[in-house]
Amino acid sequence: MGTCSHFNGGTVLSYILTFIMLVFLSVTDYKYKKIPNKITFPCMLLGLSLNGIPGFWSWFFIGVLLLFGALYLMPMGDIKMYMALCFFLSPYSVLFVLLFSQILLITFHFFKKRKNALKEIKTTSYPLAPFVLMAFVVILILQLGGVLHC
């Protein structure tokens with residue numbers, strides 16, 4: 001599973017639970033444009049009980065996410081989803097998933113809105129969870145293939 005070794009976050013069970021969580025969040029985000037607390041908070045607790053207390057960089061990343069929420073730079077549901085990932089994955093894996101999901105989302109936006117893509121980028125809203133799920137799967141495949149070591 002690559003060389004991810006963060007508080008047991010590299011375990012197969014963590015990856016399976018992360019995938020299941022992201023599938024549920026993707027469906028609800030796509031249908032209702034909402035990331036429900038009834039999924040994210042239990043997942044955080046499950047990740048905590050499975051992997052133990054995260055290390056410094058995971059807490060630092062959680063703090064940065066909360067700052068984004070406080071400054072209204074990102075919706076709180078998306079922040080809670082990324083926070084839940086911090087309890088299952090290494091900080092580097094979460095960072096790769098965050099960056100790659102944003103790249104996928106921006107690419108999707110530009111292909112969908114070719115003519116007015118730059119004008120409409122601030123006013124268009126997309127469910128983020130499906131892009132996070134796609135990014136997680138790609139990152140996982142890259143880790144399994146030995147291409148990405150995080």
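Helix axes are taken here as lines fitted to C-alpha atoms over the stretch in contact, with angles running from 0 to 180 degrees between N-to-C directions. In the predicted model, the axes of helix 5 (residues 91-112) and helix 7 (residues 129-144) come within 8 Å and cross at roughly 125°. Because angles of 65 to 115 degrees count as roughly perpendicular and those over 145 as roughly antiparallel, helix 5 and helix 7 are classed as oblique to each other, and their crossing is right-handed. On the side of helix 5 the contact is made by S93, F96, V97, F100, S101, L104, L105 and F108, and on the side of helix 7 by F131, V132, M134, A135, F136, V138, I139 and Q143. By class, this contact of helix 5 with helix 7 has 13 nonpolar and 3 polar residues, with no charged residues.

Across the whole structure, a search finds 7 aromatic pairs. One of these is formed by F56 and F60, which are stacked, with 6.1 Å from centre to centre and 25° between the planes. Both residues lie in helix 3, where a separation of 4 residues places them about one turn of the helix apart. F56 is exposed, at a relative accessible area of 55%, whereas F60 is partly exposed, at 45%. In the pair of F108 and Y126, by contrast, the ring centres are 5.4 Å apart and the planes stand at 80°, so the arrangement is edge-to-face. This pair links distant parts of the chain, since F108 belongs to helix 5 and Y126 to the loop between helix 6 (117-120) and helix 7, 18 residues apart. F108 is partly exposed, with a relative accessible area of 36%, while Y126 is buried, with a value of 17%. F56 and F60 also belong, together with W57, to one aromatic cluster.

Two loop residues other than glycine have positive phi values. K33, in the loop between helix 1 and helix 2 (37-51), has a phi near 55° and is partly exposed, with a relative accessible area of 48%. Y72 has a phi of about 60° and lies in the loop between helix 3 (56-70) and helix 4 (76-86); at 75% relative accessibility, Y72 counts as exposed.

Although I20 and L133 are 113 residues apart in sequence, their C-alpha atoms are 9.5 Å apart in space.

Key. Residues numbered from 1 in each chain as written. Predicted model: local features only at pLDDT ≥ 70, side-chain atom pairs only at ≥ 80, totals over all residues. Heavy atoms only, no water. Buried < 20%, exposed > 50% of the residue type's maximum accessible area, 1.4 Å probe, protein only. Parallel < 35°, antiparallel > 145°, perpendicular 65-115°, else oblique. Left-handed = near helix turned anticlockwise from the far one by under 90°. Contact = heavy atoms within 4.5 Å. Nonpolar A, V, L, I, M, F, W, Y, C, P; charged D, E, K, R; others polar. Phe/Tyr/Trp six-rings, centres within 6.5 Å; stacked < 30°, edge-to-face > 60°.
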